Amino acid sequence: MPEEEPERLISEDGLRLDGRKPDEMRPLKIKAGVLKRADGSAYVELGANRIVAAVYGPRELHPRHKQKPDRAVVRFRYNMAPFSVDERKRPGPDRRSIEISKLSKEALEPAIFTEYYPRTAIDIFVEVLQADAGTRCAGITAASVALADAGIEMRDLVAACAAGKVDGHIVLDPMYYEDGYGEADVPLAMMPKEGEITLLQMDGDMTPEEFKKAVKLAKKGCKIVYKEQRRALKRKYGEE
Ligand code: ADP
């Protein structure tokens, strides 16, 4: 956390610390196919977040007793590099990364036609190189593009974005200070084509009305993310 709590997170004219309006997302860049050795990969920059996703598979799953005869097993590992945060993060899994890995897998699995790939594993790795809040969402966004880049059949891409409550305002895509000193955080992932939500969390305090407003705003963010995901894939593969 920043040592000094900022006096206010939203200025009198309604702007945030980085100059954004409440409903504005940080600059987002997505690139598909950045790693030679993975079957699919993607790189995402969301504000100061820097994230790489790599997908391996579908490939034969060992040991064989872990195979599912009728579908692929999806595995997800979220990892933060020791240098991704201000104070060196101890390498290796911790409670937080284990939880994020689990919910990210559950956010993506409904989009994958796992029944097309019986007895296989689809392995997804997300590496956070630089973190500035919202990494679970940016990781899911990157992983979804990496899955498409690997040629894995999906119902739709999964786009993810968070909304939050900061100084009493509902804002899109909170950054580190807002996440740390704000009142609440609502990460959301969805398949935008059908509008199906695959991840919804809430951390902090909000009234039911504020929560509804945050969900609506996060969905709006997902639409922006979705557009960028599709553009990244089109840039690599040409028109659909
Ligand atoms: P998310 O990154 O999905 O918002 P959290 O709300 O758990 O997940 O974390 C918010 C932010 O806090 C992270 O993006 C990162 O910038 C920071 N953070 C998380 N874990 C650590 C850590 N071990 N050390 C320092 N900062 C961390």
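**Reading ring pairs and the ligand site**

Me: Y56 counts as partly exposed at 26% relative accessibility. What is the range for that term?

Reply: Partly exposed lies between buried (under 20% relative accessible area) and exposed (over 50%), with a 1.4 Å probe and protein chains only. F125 is also partly exposed, at 26%. This is a predicted model: local features need pLDDT of at least 70, side-chain atom pairs count only at pLDDT 80 or more, and totals for chains, interfaces and linings use all residues. Residues are numbered from 1 along each chain as its sequence is written, and side-chain values use heavy atoms, leaving out hydrogens and water.

Me: How many aromatic pairs does the structure hold?

Reply: A pair of aromatic rings is described by the distance of the centres and the angle of the planes. Phe, Tyr and Trp (six-membered ring) pair with centres within 6.5 Å; planes under 30 degrees apart are stacked, over 60 edge-to-face, the rest tilted. There are three pairs here. Y56 and F125 are edge-to-face, because their centres are 6.0 Å apart and their planes stand at 80°. F113 and Y116 are stacked, at 4.8 Å and 5°. F113 is buried at 19%, while Y116 is partly exposed at 45%. F113, Y116 and Y117 form one aromatic cluster.

Me: Which residues surround the ligand?

Reply: Residues count as near with a heavy atom within 4 Å; among them are M80, K89, R96, A133, G134 and Y176. A ligand oxygen is 2.7 Å from a side-chain N or O atom of R96. A backbone N or O atom of A133 also lies 2.7 Å from a ligand oxygen. For a polar backbone atom of G134, the distance to a ligand oxygen is 2.8 Å.

Methods. Polar contact = N/O pair within 3.5 Å; in protein donor to acceptor, adjacent residues only side chain to side chain.
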